[in-house]
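I opened this entry to keep track of what I looked up, step by step. The structure goes in first.

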Amino acid sequence: MFPRKSFLPTFSCALIALCFLTSACSTKQEAAITEQQVHVFLAKMDKAANNRDVEAMVAMISVEAQFKFTMEGFGPTQILTLNRDQYREHSNQALTLVKDYEYRRGETVIRVEPDGQSAYVADETFETTTVGSQVIRSVSRGTS
């Protein structure tokens, strides 16, 4: 475990899973969502995250999206709740502080609901950032 001077949530698995579900489910679709569509969406989000392209990520997020980050393991549990615009602002601010950023998705479970209009995504992500001379590694688990 690396010591922490401040927490900089950048792009987490909870975010990516939530991004898909809020954009895919924000309007009724006639065709059913498929697991393959979820995988394609997540791949686009992964690419945007690794490219530090906040605008590409935000473009795929519903304007009604709400993000809840629960940070544990660094003292008292912290909860951060953001809407889409706050997420954009927070991410852009965080990226100005990091020198390097690496994002990798781990195990991902996708279950399309019987209605075909929603999906459950559970996943884990691994992130490494460099802030100043300090390397920060994190593992995130998320569900949406």
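Is arginine 105 buried or exposed? I looked up its relative accessible area and found 17%, so arginine 105 is buried. I note that the model is a predicted one.

Entry on the partners of arginine 105. I found its side chain in a salt bridge with that of aspartate 46, at 2.6 Å from N to O. This pair links distant parts of the chain, with arginine 105 in strand S3 and aspartate 46 in helix H2, 59 residues apart. Aspartate 46 has 16% relative accessibility, so I list it as buried. I then found a salt bridge between the side chains of arginine 105 and aspartate 123, at 2.3 Å from N to O. Here strand S3 holds arginine 105 and strand S4 holds aspartate 123, 18 residues apart. Aspartate 123 counts as buried because its relative accessibility is 4%, and the cut-off is under 20%.

Entry on the remaining salt bridges. The structure holds five. One that I looked up joins glutamate 113 and arginine 111, whose closest N and O atoms are 3.3 Å apart. Glutamate 113 is partly exposed at 25% relative accessibility, and arginine 111 is partly exposed at 45%. Salt bridges with shared partners join Asp46, Arg105 and Asp123 into one network.

Entry on helix H2. I counted 16 residues, and the span from first to last C-alpha is 23 Å, close to the expected 22 Å. Which residues of H2 are buried? I wrote down Val38, Phe41, Leu42, Met45, Asp46, Ala48 and Ala49. They lie on the same side of H2 because their arc around the axis is only 165 degrees. Gln36, Lys44 and Lys47 are exposed on the other side of H2.

Entry on the largest nonpolar core. It has 25 residues, and those touching the most other members are Val38, Leu42, Met57, Phe67, Phe69 and Tyr87. The elements that give two or more residues to this core are H2, H3, S1, H4, S3 and S4. H2 gives the most, with six residues.

Entry on arginine 52. I located it in the loop between helix H2 (35-50) and helix H3 (54-59). Its phi is positive, near 60 degrees. Its relative accessibility is 29%, so I list arginine 52 as partly exposed. Arginine 52 and asparagine 92 are 40 residues apart in sequence, and I noted 9.0 Å between their C-alpha atoms.

Terms used:
Residues numbered from 1 in each chain as written. Predicted model: local features only at pLDDT ≥ 70, side-chain atom pairs only at ≥ 80, totals over all residues. Heavy atoms only, no water. Helix = DSSP H or I, 4+ residues; strand = E, 2+ residues; numbered from the N terminus. Buried < 20%, exposed > 50% of the residue type's maximum accessible area, 1.4 Å probe, protein only. Expected span 1.5 Å × (residues − 1). Arc of directions from axis to C-beta. Core = buried A, V, L, I, M, F, W, Y, C linked by side-chain atoms within 4.5 Å. Salt bridge = Lys/Arg side-chain N within 4 Å of Asp/Glu carboxyl O.
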